[in-house]
Amino acid sequence: MEFSFGDPVLSAALQQLMDLPDELERQLNAPTRAYVRDRRAMANTPMDVKELPSGAVVLAVDMPGVSPADVRVQVEEGNVLTISGERKRPAEDAGAEAGKQQQQQQAADGGAGGEKQGVRYLRMERRMGKFMRRFPLPESADLDSIRAEYKDGVLTVTVDKKPPPEPKKPRVVQVTVGEHQGK
């Protein structure tokens, strides 16, 4: 809501007072680090979603360099499909931190560095760490037939549509003759 009075200073001061409750709410309910980290993880995982003529939904998620053992596909309460995992540093680079610590220790001890040292990245653009994407599934999704396939760095999750219910046929009720008829 904008206020406009003849005096621009008064208008600005009044506007600032009106915005104070909103700013206070933002400060008191600031997002946690975990929330911010999860939001980044969700935003940085590219995904395509398409619907096939059969009504099945297919999700394709790019995961280059991720081991299939590090990928998790699950359906949460409320028909929400969650795809999560972790891209880990290559095994040959895992010693980089240990090498760095060893190098610092040698420098502190005044020793010579004749041993193998850790990898030093000159540029690191590929994101390492955890990732997650959530996708709400339609009510018509057949949760028992979800399939996930990992090939060439792409995870493809297929969610089939439930078949339509068969139309109910009229039920025929057998008429029986009672014992006390016509007495």
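I looked up N79 and found that it counts as buried, because its relative accessibility is 14% (buried means under 20% relative accessible area, exposed over 50%, partly exposed in between, with a 1.4 Å probe and protein chains only). N79 lies in the loop between β3 (71-76) and β4 (80-87); strands are DSSP runs of E with at least two residues, helices runs of H or I with at least four, numbered from the N terminus. Its phi is near 60 degrees, a positive value in a residue other than glycine.

The model is predicted: local features need pLDDT of at least 70, side-chain atom pairs count only at pLDDT 80 or more, and totals for chains, interfaces and linings use all residues. Residues are numbered from 1 along each chain as its sequence is written, and side-chain values use heavy atoms, without hydrogens and water.

I then turned to D152, in the loop between β6 (147-151) and β7 (154-159). The phi of D152 is also positive, near 55 degrees, and D152 is not glycine. D152 counts as exposed, because its relative accessibility is 72%.

Next I looked up the nonpolar core. The largest one (buried Ala, Val, Leu, Ile, Met, Phe, Trp, Tyr and Cys residues joined through side-chain atoms within 4.5 Å) has 16 residues, and L59, M63, I83, L155 and V157 have the most contacts inside it. I noted that β2 (57-62), β4, β5 and β7 each supply at least two residues of this core.

Finally, I checked the contacts of L59 (heavy atoms within 4.5 Å). Leaving out residues up to four places away in sequence, L59 touches several residues, including M47, L81, F135, L155 and V157.
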